[in-house]
Amino acid sequence: MADLTISIIIITYNRPFLLRHCLERVLAQPYPPKEIIVVDSSSNDESEQVVAQYPEVNSVRLRGQRNNMPQARNKGIAASSGAILTFIDNDSMVQPGWLASLVNAYHAVTVGAVGGRVIDMPEPYCDQVSGSPRLVVLPWGRVIRKGTGLLSTAQVEVDHLSGGNMSFRREALEQVGCFDPNYTLTNLREETDICVRVKKAGWRVVFVPAMAVTHFSLRAMYKPYYLQRPMFQFSNGRNDMYFAIKHFGLKPRTFAGQLIDTGRCCGRAVYLTFLFTTGLVAHVAGRIVGLGVGIAWHINSQLREMSAPRIGRGEQVGTEQVPLPVTPQSESLT
């Protein structure tokens, strides 16, 4: 197994700074037979200039496909030669032991896909909570993705993997085909789709916690899922429904499940709208009260004095009194 070539395919778009750090982490992985392929959909040449600084990295340009990750991944597959195809995003920083853990997981010939931990929190907070991930696809098409960043040690079989840290046996992809380009815009469910196809073909899909990456996402940080732009919300709904019908058919259970999920999304939106509205009212009320407090401070000298308390002498710390140091002058006066 150690002689197999691992193809590491990195998708990037206008993120030269992150791409540089991503490449440095990947190149530091001590597994010689690996090839690194960057599929660049950028609108400028900055990322290409970064890749040019690393002779061992291959660059593939993909123009006019800004928001189609499946097509970019397929382009990387076509340019690769490895027996194992690994996919990370340019904002996924691999941790030490990432590649070795990946390779070890493929010792079992029944394993067709392997993914790992995706840490969205900085150290050491990411290791405060432990547990196994919940990566499940329910029989009516609902996809559950929880706990991929939790600290754990046991390898577990799952239904799907996180797109920013996943890999596949080439043989499995030759059997089921590449990524489906029908998942557009946010590309939601493209990774779930291919994992489900691999599993339906009889391969095992395994989550390996030691195969870990630290993930940095501006969208997740500044735009929570339910506050994304309407076009993104449209894309998420479209891709979710397409995935459910594609894999679970035009059945009453599929439609019922999707209807329930839609209700859950709407309920969450109503709740967030309520929080936003009441929060706005509370903020304005706080401003008005703060204005009154500020005016009172200006016209009342006692309030101004109270707002800057003087340092007391002999303050109590716990139950013991801390005496002030005696100066030479004070000693002479005694």
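The protein chain exposes about 18,800 Å², of which carbon and sulfur atoms supply 60%; accessible areas were computed by the Shrake-Rupley method with a 1.4 Å probe. The model is predicted, with local features requiring pLDDT of at least 70 and side-chain atom pairs counted only at pLDDT 80 or more, whereas totals for chains, interfaces and linings use all residues. Residues are numbered from 1 along each chain as its sequence is written, and side-chain values use heavy atoms, with hydrogens and water left out.

Of the 334 residues of the protein chain, 40% count as buried (under 20% relative accessible area; exposed, over 50%; partly exposed in between). The chain contains 11 helices and 13 strands, taken as DSSP runs (H or I, at least four residues, for helices; E, at least two, for strands). Among contacts (heavy atoms within 4.5 Å) between residues at least 6 apart in sequence, 74% join residues at least 24 apart.

Helix α1 (residues 16-27) has 12 residues and should span 16 Å at 1.5 Å a residue, in agreement with the 16 Å between its end C-alpha atoms; the expected span is 1.5 Å times one less than the number of residues. Its buried residues are Pro16, Leu18, Leu19, Cys22, Leu23 and Val26. Viewed down the axis of α1, these residues fall within an arc of 150° and so line one face of the helix, the arc being that of the directions from the helix axis to the C-beta atoms. The buried residues of α1 pack against β1 (6-12), β2 (34-40), α2 (46-51), β3 (57-61), β4 (84-89) and β5 (92-94).

Helix α8 (residues 230-248) comprises 19 residues and reaches 27 Å from its first C-alpha to its last, close to the expected 27 Å. The buried residues of α8 include Phe232, Asn239, Phe243 and Phe248. Just after α8, Gly249 takes a positive phi of about 80°.

Five aromatic pairs are present in the structure (ring centres of Phe, Tyr or Trp, the last by its six-membered ring, within 6.5 Å; planes under 30 degrees apart are stacked, over 60 edge-to-face, the rest tilted). Phe243 and Phe248 form an edge-to-face pair, at 6.4 Å centre to centre and 70° between the planes. The charged end of Lys200 sits over the ring of Phe248, 5.8 Å from its centre (NZ of Lys or CZ of Arg within 6 Å of the ring centre and within 35 degrees of the ring normal). Phe87, Phe168 and Phe179 form one aromatic cluster, and Arg73 lies over the face of Phe179, at 5.5 Å from the ring centre.

Notes: Buried < 20%, exposed > 50% of the residue type's maximum accessible area, 1.4 Å probe, protein only.
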